[in-house]
Amino acid sequence: MASEERSSLSAGVESHRAPVPVHQFKQQNLPACKPVLTPAWVITTYFLIGVLFIPIGFISLRASMGVVEIVDRYDTECVPNSYKSDKVAYVKDMSVSKNCTRYLKVKKRMKAPIYVYYELDNYYQNHRRYVKSRNEQQLLHGLRYNSTSSCRPLELNKGLPIVPCGLVAWSLFNDSYSFSRGAEKLNVNRKNIAWQSDRDHKFGKKVHPFNFQNGTLIGGGKLDSRIPLSDQEDLIVWMRTAALPSFRKLYGRIEEDLDEDDVVIVNLLNNYNTYSFGGKKKIVLSTSSWLGGRNNFLGMTYILVGASSMFIALVFLLLHKLSWARQ
Amino acid sequence: MANGKIRAKLKRSSLYTFGGCITPQAEDADGPHQLQGPGYSRAVFCNQPQRHQKKPYKYVSNYISTTKYNIITFLPKALFEQFRRVANVYFLLAAILSLTPVTPFSAVSMIAPLAFVVGLSMAKEALEDWRRFIQDMKVNLRKASVHKADGVFAYKPWMKIQVGDVVKVEKDQFFPADLLLLSSSYEDGICYVETMNLDGETNLKVKRSLEVTLPLDDDDSFKNFAGTVTCEDPNPNLYTFVGNLEIDRQLYPLDPTQILLRDSKLRNTTYVYGVVIFTGPDSKVMQNSTRSPSKRSRIEKQMDKIIYVLFTLLVLISIISSVGFAVKTQYQMPDWWYMPPDDKNLYNPDKANLSGFYHLITALILYGYLIPISLYVSIEVVKVLQAKFINQDLHMYDEDSGTPAQARTSNLNEELGQVDTILSDKTGTLTCNQMDFLKCSIAGTAYGLSASEVELAAAKQMAMDLDPQDHDFERNLPSNNAGFNNGRSNHSSEIELERIIRSKDENHHKPVIKGFNFEDSRIMNGNWSREPHAEVLLLFMRILAVCHTAIPELNEATGSFNYEAESPDEGAFLVAAREFGFEFCKRTQSSIFVRERHPSSKEPVEREFKLLNLLDFTSKRKRMSVIVRDEDGQIFLFCKGADSIIFDRLAKNGRMFEGATTRHLNEYGEAGLRTLALAYKKIEEADYSAWNEEFLRAKTSIGGDRESMLERISDMMEKDLILLGATAVEDKLQKGVPQCIDKLAQAGLKIWVLTGDKMETAINIGFACSLLRHGMKQICIAASAEMLSQETKEVVKENILMQITNGSQMVKLEKDPHAAFALIIDGKTLSYVLETDMKHQFLNLAVDCASVICCRVSPKQKALVTRLVKEGTGKITLAIGDGANDVGMIQEADIGVGISGVEGMQAVMASDFAIAQFRFLERLLVVHGHWCYKRIAQMICYFFYKNIAFGLTLFYFEAFTGFSGQSVYDDWYMLLFNVILTSLPVISLGVFEQDVSSEVCLQFPALYQQGPKNLFFDWYRIFGWMGNGLYSSLVIFFLNIIIFYDQAFRKGGQTADMAAVGTTMFTCIIWAVNCQIALTMSHFTWIQHFLVWGSVVTWYIFLFLYGMLSPLVSGNAFRILIEALAPAPLYWITTLLVTATCNLPYFAHLSFQRAFHPMDHHVIQEIKYYKKDEEDRIMWTRERSKARQETKIGFTARVDATIRQFKGRLQKKHHASSSPMSPV
């Protein structure tokens, strides 16, 4: 028994005849690069990081600085004085006009396209219950798809299915804005604000809203049941749930330049209820750069990391020289 | 009762192996065994296997199986094994819960990784079991010749053999089952059996059939043979057998001499016939097989603790988040009109506490990523691969026997890197168990010029001492060598030294005869007859040729004889006798034939010595005698035995050479040789017959005192001997042992030798392999024999305790830091010491000593000493041995290493690693152990790092979602994270990482100390890595969140939704952890590059492909890479920033540590990197000697000690010579 075992084992070691790379592999002797963090390497690496990061930092900072942004919080101002003490009652009272006008002063010339966002605060669009309360199948295939238990409690109404079902769609943001500069009306392009792929592949072209906002529970915006979901870009944008409780969503684009000291008049309908949970509502007009919106943090961080890297390189160089000299 | 009787019989039959033929009737004097009651129920119908096909005589088939599972039991059993791990149970629970609404993930993302991990482990189990199955089948399908009917024999596979079959086994075949020997090719029904696979003994054993079955010696005679065996039930005892054979209504008792055990081998016998008694699992060898205890490495145990730490962290953050959730649900949720209250309990503000409780479960699942699910399976994969590399290492492949190293269990690889104490067997491990006849002393004259290895080592050492390496030192020494020799009285002269070295050199040219290394023209080639005491020389050589139990075997190729001897010394004697011209050529039951070549006559004369009695060697008697009648009718007693025993039995006129022989014996002892004294006596016919009568009476007597009677009577005969001389054989050290011990000592390992040999031999071997050296203070702890026999236990213990205390005092009071102590203790004393009250004092003393040698220890004591060291010091012990007597020690130690090769398989079967030679231990520990330790340690640390870095981001994000348990990542990302995206690089770290190459490991054995000191897996380092993970998680999460939270991230003005943020964050994690592992590695082959960077690429490929799937599958990740992220520069810029920021601190730590507090391997890496080792040899050598571990044993220590000695003397001299001149 022993001898047989031995012969079978030695067969495993028969690597004499194996080609060189296989042999090297088996003997753990493959050619390898063994980088060693020598002082020269370390200093060079840190230095290079510094040299790379600081310019990137400045470039992105410059891009971010170039973005002009107007932010206006309107949820408190747009409540009539009589309702100031009970804003929830105001927003729930259907009979009260929700019209409101805001004047935004342009401090710096803004080049088209100027993006219009609405910003909500303290709004848990990322809550697990909220996020899950939708049905992708239904959005794409409509009524044909009826297993929508994830949408509860907004699955059925009076025994009929709701399209689109679920909390997300039901709580659709429904403030609306129109802009004018003096007497001249500023057109807001509300097309192409959602992702192309969402419009083409996630929201059905033949799926029309059905039985939506019809029930006892009245939530946010209503949908025109004549328009298919794939064209309801407001809804599509809204249904891309935000990562944080404070978020901006694209409303539309103003495709005209705004000059310095222009005053943009915003006529808005303050429909959406943020008062019950103490959220803020803001309207934002912003241009964009190649990096997106105004974001100084990125550039600053780059500069900080680059600078500290340079600093470490210097300290290291100093210490190295010192210890070298001592030797 | 029956057992006791059997044991007595067994002893007798081994003691008088060849004496049986003289008194054959003695066997039959005993009646048949009284077999009744439980335990003796087996009945075997010989030659009627068909009767064993029905109950109650249906016994198990001869099919053997060592597999753990079969097809049916595999699934439940293997699953059970898997879920014995706490972590797996946790993941199973999580997977089950993921089917309920509390889960934060889809069920598949919980079940798939678990299924993968468990499946992989089970696949490994299945593969290993399959291999075992193949191995079994190889055995099961071996063919044996079985009697079919009418005297026709045919071949059948082993597994088909049944109880009752008559089997014919031929020379050098294994027995297929436990057989009852019926007859053999020898007339008297004896056969020779090698039991190496059973007990590791290489000597042949003799088996004898009953007289009644002797006629059954050809195929035809089995036509009508029938008989019934009634015997004991299957049991694991190899040395007992009780049964009766009934033939023709006559009962004959059976005993172990008639039983041929499965897995032993027929030798020197053309064929035997036997009846199958025990088959397959019933056979004694199978009953004996035990699974070795499963051992877990320390690192793994420590890893469990880390997992507990992480579990605690997991529970803690789960509680935080569930409290947070409950608070949010109770106080804020009623205000969130967009989330109307749930009718169920999961989100119910009215039952916030209940919801909070449900959320606790959710959170426990969600943060499960803190505990790496793939850790166990990755470690398993890594270890199997590491073991493969160990098996394939050609440097540990023994060309001679064709045996590679073998990692029999893969779960101790890293333990090899942390060994503190090595406990080694001697025979077969340090020495080859091959004896060379080297010297002899005949008639007071010493013959034999060859030098023993000890002498050679001493000579080499002296040569080294005389030619010190230190050059300045030499320059300071005007008188040079002469001065030294004057100063060292105990040193032999240079001329002798040269002679020794030269003689060794000459030996190399001579053809080597195994077992014979003798050289002296005075007695070689028949010259002995011209020596003064020729008649003494003649007798001496006759004793060598006659007094033994060996069997000659004609080597047809050379025409000379080889000898199958019970012990290798006996073989050496016979070879020596042959070379002297006394060739033992034939043994029959009653005679020994020796071909004598006398110088007077050209042709050899064959002489017959009638063997009258043989008094066998036992460890108690320590001697062996034969009584022979030569051709002249004279009766002689030839005796060989331990010198002290023989000297006590000399006649008054037999002490002629006593003085000279004693002196020679002492010399031989010092040279590390094994000695025996030879004596003879002439017996008058009348005296002999009187004695023999008495002897026979004693032998045939029945009763418990037969043993002592026989001994007494033998004793009477072995008296009044005449001393002829003494022999000295060398127990050869295995190749490379001293060098290996030296290296291991430099690596800081302590080496204990545990041997069954006597103290003198053990000390000699200690010197030979540099465990002992001159100038070392030896502390011998031994209780004298008189004391043991006369004093009470308390007194003896007190005495031993005093010796220990004295020894400790001596060690404590020693001022010289270089002083080394050796502790030598014998087995008798050890049995007292190992009792609870003393063992700690003993251990403390032993730990202070540089080397420890325990002699005369039993296998049990070996195990006990191992346990003492293991538990007493808390350090990791490694036991290495080769024989069945080392099994206890091998199983007890943290790591058991078996020597695979010459002796049996018992030690190997019990071991965790098997190597062919002791010297491979160096590479196994210093290279593989070192690598595996670091690999596994780094791998585990990295695992925890990456899972903390990942898992905590989930927690932070949750805090921003109202603690609702929403994860920012897609389920699939998380699923792939542990299983694919980050597992392969870490496996490559675990398999291929090398801090320094194997050559450097061997050149700098001190690097090994990083393992025993546990520098890479202490809590400092573990928490360091965890801290690094925490830092990374913070950087990854907050940088991403701040960059992405409200602003557009593209020129097109789109803001990032949860999917975009999550994907970017995940990209950062993949980059950060893979860069981290690249920083951790110091050895990149293309494999590492491929796996590390391939993992990053895989992520992008996955993301791309996932995005191309139907949006119903990919959800929000649909086309996310190509449409949303890849075109956005911010995505890439953020990845770069986060990756760099995550790794900067570690990089800084690493570079500062390297530059200002480098560890040993850093320095070496740097030297190698700059190729300083090639440019600056002196510096390289200096570094090497600096990096040696301070050691007190081994060659190097010897040299150091000698140099110190010289320097000391030189200083004194210098001082003495300078003081009168200088006024100071």
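In chain B, three strands make up an open sheet with the order β7-β6-β12, and their pairing is antiparallel. The strands at the edges are β7 (204-208) and β12 (265-267) of chain B, each of which pairs on one side only. From one strand to the next, the twist averages 45°. The structure described here is a predicted model.

Within this sheet, strand β6 (residues 190-194) of chain B is joined to β7(B) by five bridges in the antiparallel sense. In this part of the sheet, E194(B) stands opposite L204(B), a residue of β7(B).

Two helices of chain B were also examined. Two packed helices are described by the angle between their axes and the distance between the axes. For helix α4 (residues 86-97) of chain B and helix α9 (residues 352-366) of chain B, the axes come within 10 Å and cross at roughly 125°. Because of this angle, α4(B) is oblique to α9(B). The crossing in which α4(B) passes α9(B) is left-handed. On the α4(B) side, the contact involves Y90(B), A94(B) and L97(B), which meet I361(B), L364(B) and I365(B) of α9(B). Of the residues in this contact between α4(B) and α9(B), six are nonpolar, none is polar and none is charged.

In chain A, the domain assignment gives two entries: domain 1 (37-67 + 296-327) and domain 2 (70-287). The C-alpha centres of domain 1 of chain A and domain 2 of chain A are 44 Å apart.

How values were computed:
Residues are numbered from 1 along each chain as its sequence is written. Chains are lettered from A and ligands numbered from 1 in the order in which they are written. This is a predicted model: local features need pLDDT of at least 70, side-chain atom pairs count only at pLDDT 80 or more; totals for chains, interfaces and linings use all residues. Side-chain values use heavy atoms; hydrogens and water are left out. Domain bounds come from an automatic or database domain assignment. Axes are lines fitted to C-alpha atoms, for helices over the stretch in contact, and angles run from 0 to 180 degrees between N-to-C directions. Helices (H or I, at least four residues) and strands (E, at least two) are DSSP runs, numbered from the N terminus. Angles under 35 degrees count as roughly parallel, over 145 as roughly antiparallel, 65 to 115 as roughly perpendicular and the rest as oblique. A crossing is left-handed if the near helix is turned anticlockwise from the far one by less than a right angle, and right-handed if clockwise. Contact means heavy atoms within 4.5 Å. Ala, Val, Leu, Ile, Met, Phe, Trp, Tyr, Cys and Pro count as nonpolar, Asp, Glu, Lys and Arg as charged, and the others, Gly among them, as polar. Two strands pair if DSSP finds at least two bridges between them.
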